[in-house]
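Subject: Handover of a structure

Dear colleague,

Please find below the structure that I am passing on to you. My notes on what was found in it follow directly after.

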Amino acid sequence: MSLQLLVNALVNAALIAPPAMAFSLLFGILRFPNFAIGAYITVGAFAAYSLNVSLGLPLVVASGGAMIITAVVVWLTHVVVFRPMQDQSPVTLLVVSIAAAFIIENVIRLFYSADVRGFNIPLERPWKFMDARITREQVEIIIFSGLIAVGLHFLLAHTRIGRAMRAVADNPMLAAIRGVNATWITAFTTALCGLLFGLTGVFAGLDLVIEPLVGWNLTIPIFAAAILGGIGSPYGAMVGAILVGLAEEATFLIIPSTYKVGVGFAIIAVLLLVRPQGLFGTLEIKK
Amino acid sequence: MKLSFTRRGLLAGSTAALVTPSILRAQPAEIAIGSLTPNTGGGGPFGPNITASHKRVVDAVNASGGVLDQQIRLFQENSETNPETAVRAADKLINVNQVLGIIGTWSSSVTLGIMPKCQSANVIQMCTSSSADIPVADKKGLVFNFQPLSPIWGRAIANLAKGRGIEKYAMMALNNDFTRSMMDGFIEVVGKDALVQEPFYYNAGQSSYRSEVTQLISQNPEAVFIPSYVADFTAVYKEIFRQGYEGTVITTSLSTGNQFKDAVGAAADGVIHGFPVPAINSPAYKEYLGEAGLEDTGSVQHPFGTAGRDQMSTLLLAIEKAGSTDRAAIAKAVWDVTTGEGKETVYNVADGLAALRAGKEINYSGASGSTEFDEEGMVLGRDFQLSEIKDGKDVVLERLEF
Amino acid sequence: MSAYLISMGTYIGFFMILALALNLQWGITGMVNFGVAGFYALGAYASGLLTTKLGVPVGLAIPAACLVGMLVGGCVALLSMRLREDFLAIVTLGVGEVIRLIVLNEDRITEGPRGLRIEAQPFRDFVSAENYPLFYLFFVAVFVCLTFFVCERIRKSPMGRTLRAIREDDVVAGVLGKNVLRHRIQIFAVGTFFMGLAGALYAHYTQNISPEVFLPMVAMFIWMSVIVGGAGNNRGILIGAGAVMVFLEGTRFIGDFVDILDAEKMSALRIIMIGLLLIVTLRIRPRGLLPETKFQFKPN
């Protein structure tokens, strides 16, 4: 495997690690795989596009705005759609989340059409070292992704609210008895995840193109990374992202590249069979 | 007991379907035509132009009194570039709206997918598709393709590229019939020896194209050829640029429209792209630009919108020529009004109708090309143009005339 | 118009078979299957390829397609041994996508993106061309009845009770001496058997199939049919499948009256309405239109 493939894998990983961590957190609190995350990412990409291209704001400012807008959308979706249905089975909620994704994506399509778009910043040529190439933008994405992982770890391990989040994820009833306000914690978590999805939308817009399906296309690698790392473990999601990135790059060496999409699924299936709790997860006690 | 319940279940389903009103059928004094375009999905960037063209032609003709003294009623549906959806949309157009033709299908899988239904209901089809299966599957001579089959594209672009002295290529194609057979056509011309490595395919909607691009440029070929559509090509090209490839990137003009140029910016400079084009200074193309409110930039705009105009114009002229709404007669009349020498050349439907009513023979020359058909209903050879993007604009490099 | 209703009825029939099969797997047994589109494709391609490439008569190709569905389904069901239901969802979605990728990429066998044209149709020589659509509607209706009959029998049988026990709590079912894995594999295979059937019927009806027909979107519509209709209740499923298809196709007619929206906006709006159908139904009737009735012990 050439050095370039390693660089590719690292950039892929940096792109899917933050949303994988966010997916993991959301799953911990809400207890179902939320397929709407792709739509949330798309919201982030289009919000940033509007602020950057239509309103002419610098991309950094636009990204901040997009993160906030996405956080609001994620929270609203939770309040309007998922919270009133919390008694439904996880699988029903999964289907509902796909319906929610359809609605969000098509509202975007209604206003923006399916045209392909890009941010108002020039493409850059790469830096070269050995025989590998990497751009400044990609280095920034990697750094941001790393900072987010460290920040999330700090939040979960060393702050009051982080401990409360873990408590609610572990056992909502016990957390409630100990005086943790689950409603507030859930709102905080959804908004926090929204910020991460929004940022991913910006990254995805930079890396790929901005169109209504941009987030949907990232969903499976994100799921794969989160499950691989072990649901509920942000560090695991990070490692999972790197492994998924590597596996997708390595596909090329083994099978025709057109099967690449299947690799994410294959990883999930094999891993779940061998180690259902993921690499870093703890085995859940079944109720 | 159980069985009766099932039947009731079935009945419930079909009665619910019955609720859909029956007044939707075209009134007797109207000619119904269906437009089935890819407004979302893979053809999303192109479909809306086709839809708009169909509507413009119909509106203009209706305003001046219609065809055969009847108004045209246009029913528009979105195929979603998906044969599963399209076949039901076609069902509605054929059986509820009772259209005499379904025009504007784009993806081959959609054109072929609705063909069994259209054939059994004697419905004319006009498409811009690429599959060589189309003439084979059309047993009744009702299908007209307004776009050269894709191996022809590949061969033409390859000839133009070869003419520029490029000798070594690497290539990858989007994994669909159109782009795959375009690549085959390209390889036919440049020869297998001109390839630095095995050509390969990629899927649309991937989460990254990094490994594909790394593979594509790994032998540092002189040029890369990437038959593709705009959404995937834009993402692929960004990656090619970011991985520092400095050779020539060749693709089709489908992938390099304004959306691509806006999304990529100055980095788009140097991309070479080819496309079948209307004859030089075609009056029909100029008229089209006016109708669609576009400036003449010298480059190909609305590649399928022009074909949409030609489909609807041809169909209406053929109806007038046939003098009835008999589908077989109309299909025959399509050749009469488009193909053959020694007729009066017309560039739009209004002139065509006037000439027909004056008892003249006409040959419609369209905005997408001269629109002459072979006996299988496939459009005949068309000029190809190779352009390069310079300073964000298409500059014509050369032309291949048939 | 009647021709339209006949073909809509036929499509509703395909949806009903798929939805009944999924209900058997999920509604009754609690096994998640998001690979519906894949098994649908499997049946369609199995029957299509057997008739076009090997010249097998349709009468044999359709049962063969069912068996292929059953075999592959049985293998996939083995995964349920170790997987939680939400994870099984993702894995089965993957199975469906991989089946589609194989069909797409192995074009020497399947014709890949070119699509497969199928001439053969059941009883084609015995029915006149103009009556054939009506005949096919009845042909499909017979299979819908058959599927419904089998599903109802399973639901009401002692096995059905075991399956529901597995759905509610597989550990308890296991402790009671039921072979949970065997039941799961059996019922999953029966479900995919019927999905294969639906695929084969679809293939010979449209006579042209391509990988794009079997996108995960189809699985989504079937899931919506089951949830909207009422998981666990076979009659509800028939209503659900009908409702989803009527909604899906009925919204098309809005476009004929409303001129303000172009075709692109119209189709975005239609998908939004489908999404809302599910969410609103679940808000008003959390257990679906016809909820599963709780079983009571009634001695003869």
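In this predicted model, helix α6 of chain B (residues 150–163) and helix α7 of chain B (residues 177–190) have axes that come within 7 Å and cross at roughly 40°. Angles under 35 degrees count as roughly parallel and those from 65 to 115 as roughly perpendicular; α6(B) and α7(B) are therefore oblique to each other. Their crossing is right-handed. On the α6(B) side, the contact is made by B:Ser150, B:Pro151, B:Ile152, B:Trp153, B:Gly154, B:Arg155, B:Ile157, B:Ala158, B:Asn159 and B:Lys162. On the α7(B) side, the contributing residues include B:Phe178, B:Met182, B:Met183, B:Phe186, B:Val189 and B:Val190, and also B:Asp184 and B:Glu188. By class, the residues of this contact divide into 11 nonpolar, 5 polar and 4 charged.

In chain A, helix α5 (residues 136–158) and helix α10 (residues 234–254) pack at an angle of about 160°, with their axes 9 Å apart. Angles over 145 degrees count as roughly antiparallel, and α5(A) and α10(A) are therefore described in that way. From α5(A), the contact draws on A:Ala149, A:Leu152, A:His153 and A:Leu156, while α10(A) supplies A:Pro234, A:Tyr235 and A:Met238. The residues of this contact comprise 6 nonpolar and 1 polar, with no charged residue among them.

Turning to chain B as a whole, its secondary structure comes to 14 helices and 14 strands. The C-alpha trace of chain B spans about 70 × 65 × 35 Å along its principal axes. A compact globule of 402 residues would have a radius of gyration near 21 Å; chain B has 22 Å, and so agrees with that expectation.

Chain B is divided into two domains: domain 1 covers 28–145 + 304–364, and domain 2 covers 150–275 + 382–400. The centres of these domains of chain B, taken over C-alpha atoms, are separated by 31 Å. Where they meet, 5 residues of domain 1 of chain B are in contact with 9 residues of domain 2 of chain B. The domain 1 side of that contact in chain B has 1 nonpolar and 4 polar residues, and no charged ones.

Chain C touches both of the other chains described here, and I take the two contacts in turn.

The contact between chain C and chain B takes 45 residues from chain C and 49 residues from chain B. On the chain C side, the elements giving two or more residues are α1 (2–28), α6 (132–156), α11 (234–250), α12 (254–257) and α13 of chain C. Of these, α1(C) gives the most, with 8 residues. By class, the side of chain C that touches chain B has 24 nonpolar, 11 polar and 10 charged residues.

The contact between chain C and chain A takes 33 residues from chain C and 35 residues from chain A. Here the elements of chain C that give two or more residues are α4 (85–105), α10 (216–229) and α13 (263–284). The most comes from α13(C), with 13 residues. The side of chain C that touches chain A has 23 nonpolar, 3 polar and 7 charged residues.

Yours sincerely

Note on methods: Residues numbered from 1 in each chain as written. Chains lettered and ligands numbered in written order. Predicted model: local features only at pLDDT ≥ 70, side-chain atom pairs only at ≥ 80, totals over all residues. Axes fitted to C-alpha atoms, helices over the stretch in contact; angles between N-to-C directions. Helix = DSSP H or I, 4+ residues; strand = E, 2+ residues; numbered from the N terminus. Left-handed = near helix turned anticlockwise from the far one by under 90°. Contact = placed C-beta atoms within 7 Å. Nonpolar A, V, L, I, M, F, W, Y, C, P; charged D, E, K, R; others polar. Domains from an automatic or database assignment. Rg over C-alpha atoms; globule rule 2.2 N^0.38 Å.
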